[in-house]
Structures are given as structure tokens and as C-alpha cells.
Amino acid sequence: MTAAKTAPRLATPTDLGANATKDIAGAINALLADTFALYLKTKNFHWHMSGPHFRDYHLLLDEQADQIFAMTDVLAERVRKLGGRTLLSIGDISRQQRIADNDAPYVAPSDMLAELRDDTQRFVSSMREAHDVCDEHNDVATTSLLEVYIDESERRIWFLYEASRHGEPDGH
């Protein structure tokens with residue numbers, strides 16, 4: 001191969017080893033793709049919100065989208081700190097994301113909240129799985145980040161759940 005066709009090595013020093021870098025980068029890149037997908041879906045619903053609770057839901061989803069987007073750079077840079085490669089494009093995101101897009105021309109506000117709640121719950125499950133991968137390789141820095149993101153995501157689930165309730169006295 002010529003030098004022009006060979007990608008330069010990313011030689012970021014780490015003591016975690018090649019297998020750890022590969023496993024962790026794979027787990028975190030999948031989360032990063034899901035983070036972008038969840039961010040865009042949250043903004044989609046924010047932009048297309050309607051109805052009597054418009055202002056409250058519109059502001060809630062904007063706040064949540066900001067929180068989700070704030071995760072992207074931290075996750076990508078964590079992969080790079082370990083010497084891994086991270087996402088390269090929208091196409092790369094779409095190939096790796098596990099959170100489904102919603103391209104419907106209209107979604108009822110209650111369905112928006114429920115879909116985001118369910119997606120965020122799946123996202124939390126994926127973060128727990130990635131946490132296990134990081135823990136297996138003794139990557140305490142990434143596990144620590146994920147613990148904070150799990151807590152933040154659980155808060156978003158709680159808010160989405162409470163915003164979608166209709167005042168049932170039994171709490172369900």
C-alpha cells in the first residue's frame with residue numbers, strides 16, 4: 001500500500017491495551033450514535049410540539065435536547081483518549097444507531113413524550129451494558145462518566161413520565 005492509502009495510526013497512549021480500546025470504543029461509539037439519534041428526535045418533537053401544553057413541553061424538550069447534546073463531545077473524546085476512532089459522519093451514525101428515527105408528519109404530544117421516555121429507557125439499558133464493558137477492562141474514567149449520564153437520563157425519564165400523566169391518584 002502507498003502512504004496515501006494508509007490511514008495514519010492513532011497512537012494515543014493508554015495502559016488499557018488494544019482489546020480494551022477496541023471493546024470500549026465499540027460500546028461508546030454505539031452509544032454516541034444513539035445519543036445523536038435521541039438528540040435529533042428530541043429536537044424534532046420540540047420543533048413539532050403542539051396543543052394546550054405546548055409551552056411546557058416545548059421548553060422541557062429543549063432543555064432535554066441540550067442535556068443530550070452535551071454528552072456527544074465527551075463520549076467522542078473519551079474514545080479518542082483511549083486511542084480509538086470515533087464516528088465520522090451522519091452515515092456512520094445511521095449505521096450504528098439503535099434508537100429508531102421518527103419521520104411521521106404528525107405525532108400527538110402524548111405519543112412524543114411516551115416515545116422519548118421509552119427511547120431514553122432503552123438508552124439507559126445500553127449505557128449499563130457499555131458500563132459493564134468498561135468495568136470489565138477496569139476503565140474507571142468511562143464508567144464514571146456513564147454513571148453520571150445514567151443518572152441524568154433517569155431524570156429525563158422521570159420528567160417525561162410525570163409530564164405525560166393525567167393526574168391518576170394511584171401514581172400509575
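The model is predicted, so local features need pLDDT of at least 70 and side-chain atom pairs count only at pLDDT 80 or more, while totals for chains, interfaces and linings use all residues. Residues are numbered from 1 along each chain as its sequence is written, and side-chain values use heavy atoms, with hydrogens and water left out.

## Overall architecture

The protein chain contains five helices and zero strands, and its elements follow the order α-α-α-α-α from the N terminus. Helices (H or I, at least four residues) and strands (E, at least two) are DSSP runs, numbered from the N terminus. The C-alpha trace spans about 60 × 35 × 20 Å along its principal axes.

Of the 172 residues in the protein chain, 41% are buried. Here buried means under 20% relative accessible area, exposed means over 50%, and partly exposed lies in between (1.4 Å probe, protein chains only). Among the contacts with a separation of 6 or more, 79% are between residues 24 or more positions apart; a contact means heavy atoms within 4.5 Å.

## Surface and charge

The accessible surface of the protein chain is about 9900 Å², and carbon and sulfur atoms contribute 55% of this. Accessible areas come from the Shrake-Rupley method with a 1.4 Å probe, and for residues only the protein chains shown count as cover.

The chain carries 18 positive and 28 negative side chains, with the centres of the two sets 7 Å apart. Lys and Arg count as positive and Asp and Glu as negative, whereas His and the chain ends are not counted. The place of a charge is taken as NZ of Lys, CZ of Arg, CG of Asp or CD of Glu.

A patch of negative charge on the surface is formed by Asp 23, Glu 129, Asp 132, Asp 135, Glu 136 and Glu 147. Patches are made of residues with over 30% relative accessible area and no salt bridge, like charges being joined within 9 Å and nonpolar side chains (Val, Leu, Ile, Met, Phe, Trp, Tyr) within 5 Å. Helix H4 (residues 109-136) supplies the largest share of this negative patch, four residues. Asp 135 is located in helix H4.

## Salt bridges

Side chains of opposite charge can pair when their charged atoms come close. Nine salt bridges are found in the whole structure, each defined as a side-chain nitrogen of Lys or Arg within 4 Å of a carboxyl oxygen of Asp or Glu.

Arg 98 counts as partly exposed because its relative accessibility is 44%, whereas Asp 34 counts as buried at 1%.

Asp 139 is buried, with a relative accessible area of 2%, and Arg 78 counts as buried at 12% relative accessibility. Elsewhere, salt bridges that share partners join Lys 41, Glu 115, Asp 119 and Arg 122 into one network.

## Selected residues

Thr 142 lies in helix H5 (residues 140-164) and counts as buried because its relative accessibility is 1%. Not counting residues up to four places away in sequence, Thr 142 touches Ile 28, Arg 78, Leu 82 and Cys 134.

Val 79 is in helix H2 and is buried, with a relative accessible area of 2%. Beyond residues up to four places away in sequence, Val 79 touches Ala 25, Ile 28, Asn 29, Gly 84, Arg 85 and Thr 86. Val 79 and Leu 32 are 47 residues apart in sequence, and their C-alpha atoms are 9.9 Å apart in space.

Asn 138 is in the loop between H4 and H5 and is exposed, with a relative accessible area of 56%. The phi of Asn 138 is near 60°, a positive value in a residue other than glycine. Most residues other than glycine have a negative phi.
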